[in-house]
Amino acid sequence: MAPRANWKGFLRLSLVTCPVALYPATSDTEKVSFNQINRKTGHRIKYLKVDAETGDEVTSEDIVKGYKVDTDTYIEVTKDELDDIALDSTHTIEIDEFVPKADIDNRYLIRPYYLVPDGKVGHDAYAVIRETIRSMDKVAIGRVVLTNREHIIALEPLESGLMGTLLRYPYEVRSETEYFDDIQDVKLTKDMLDLAKHIVEKKSGAFEPGLFEDHYETALIDLINKKRSGMPITAKAAPKTGGNVINLMDALKKSLASEKEAVPAAKVVKEPVKGKKQPKKRVEGQREMLLPIAGKGGKDAAAKTAPKEAPKKADKPVRAPARAKKAS
């Protein structure tokens, strides 16, 4: 099923305009999620919208927005009143300026989107805007309205398309001053910094997000699989703590020594062995499925005697396989 656009409208640079669609570049749908259920009945919990004072259920047509000005005082705002102040930029991303990407503070970044041409027309204008931004080596700043709110969006080329990142307004970013004022001004020796730099050098490498593992997500899948198959659940032992660091120099030296010991082992794993078939690389987006509920009788016995056989997919896998890329 094709992803659904969060927004559709027009991208405009002065008099150059093209129809575009905005799609979210990230997703949390593949993560394990839970429902709240009644422990006694096993039924799912249902929430009702009720009046806080009377306790009576309120229908959707009787619910309006209200701005709280006092303990029990609200200013009622209707949908028609909100529509009257709707912004002109609701259906157009107007590029206002171009800025160096390095000028954008990371604290202003919210979330990324993919901006693509909408339909068969306008690809020429889209390409002109994309290549203009690329040639200037800058980021285009525009405005887009999502869920009745105007957002600042930064556009930059990404391969054959455009990536748009929503930005926060200044009033949404807290100043670091109130948090950093109490940090002590510590004088560090050159030996301490040199040891710390050596540790960093040993841990340095290329950024490969495909190698990241969500350990909590893996543990959740393992827990659910065990419960579905009726296996006993044992409590995990509390992790051992190293205690308080008394001597910083000793801690740095021990850290460096442990990193030196770990490096050769890591190299052995990475170096290919001649004549030996190497395991396949992990496919990005590939997800593990929950094991199916075990059957009865001979099927269970056969499953136990054939450990090499790949497990069947569950009826409702927690993680769906990655969406195949649409052929051009």
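This note goes through charged residues in a predicted model.

1. Start with the salt bridges. A search of the whole structure finds 12. Side chains of opposite charge can pair when their charged atoms come close. The next points take some of these pairs in turn.

2. Look at helix α5. Asp222 and Lys226 form a salt bridge, with the closest N and O atoms 3.4 Å apart. The two residues are four apart in helix α5, so about one helical turn separates them. Asp222 is partly exposed, at 38% relative accessibility. Lys226 is also partly exposed, at 29%.

3. Arg107 pairs with Asp105 in a salt bridge, and their closest N and O atoms are 2.8 Å apart. Arg107 has a relative accessible area of 39% and is partly exposed. Asp105 is partly exposed too, at 29%.

4. Lys187 and Asp185 are joined by a salt bridge of 3.9 Å, N to O. Both residues are exposed.

5. One group goes beyond a pair. Asp96, Arg143 and Glu150 are linked in a network of salt bridges.

6. Now the negative surface patch. Asp51, Glu53, Asp56, Asp70 and Asp72 form it. Asp72 sits in the loop between β3 (65–68) and β4 (74–77). Its relative accessible area is 65%, so Asp72 counts as exposed; the cut-off for exposed is over 50%.

7. Finally, Glu213. This residue lies in the loop between α4 (190–203) and α5 (215–228). Glu213 is partly exposed, at 46% relative accessibility. Its side chain makes a polar contact of 3.2 Å with the side chain of Thr218.

How values were computed: Residues are numbered from 1 along each chain as its sequence is written. This is a predicted model: local features need pLDDT of at least 70, side-chain atom pairs count only at pLDDT 80 or more; totals for chains, interfaces and linings use all residues. Side-chain values use heavy atoms; hydrogens and water are left out. Patches are made of residues with over 30% relative accessible area and no salt bridge: like charges are joined within 9 Å, nonpolar side chains (Val, Leu, Ile, Met, Phe, Trp, Tyr) within 5 Å. Accessible areas come from the Shrake-Rupley method with a 1.4 Å probe; for residues, only the protein chains shown count as cover. A salt bridge is a side-chain nitrogen of Lys or Arg within 4 Å of a carboxyl oxygen of Asp or Glu. Lys and Arg count as positive and Asp and Glu as negative; His and the chain ends are not counted. The place of a charge is taken as NZ of Lys, CZ of Arg, CG of Asp or CD of Glu. Buried means under 20% relative accessible area, exposed over 50%, partly exposed in between (1.4 Å probe, protein chains only). A polar contact is a pair of N or O atoms within 3.5 Å; within protein, one must be able to donate a hydrogen and the other to accept it, and residues adjacent in sequence count only if both atoms are side-chain atoms.
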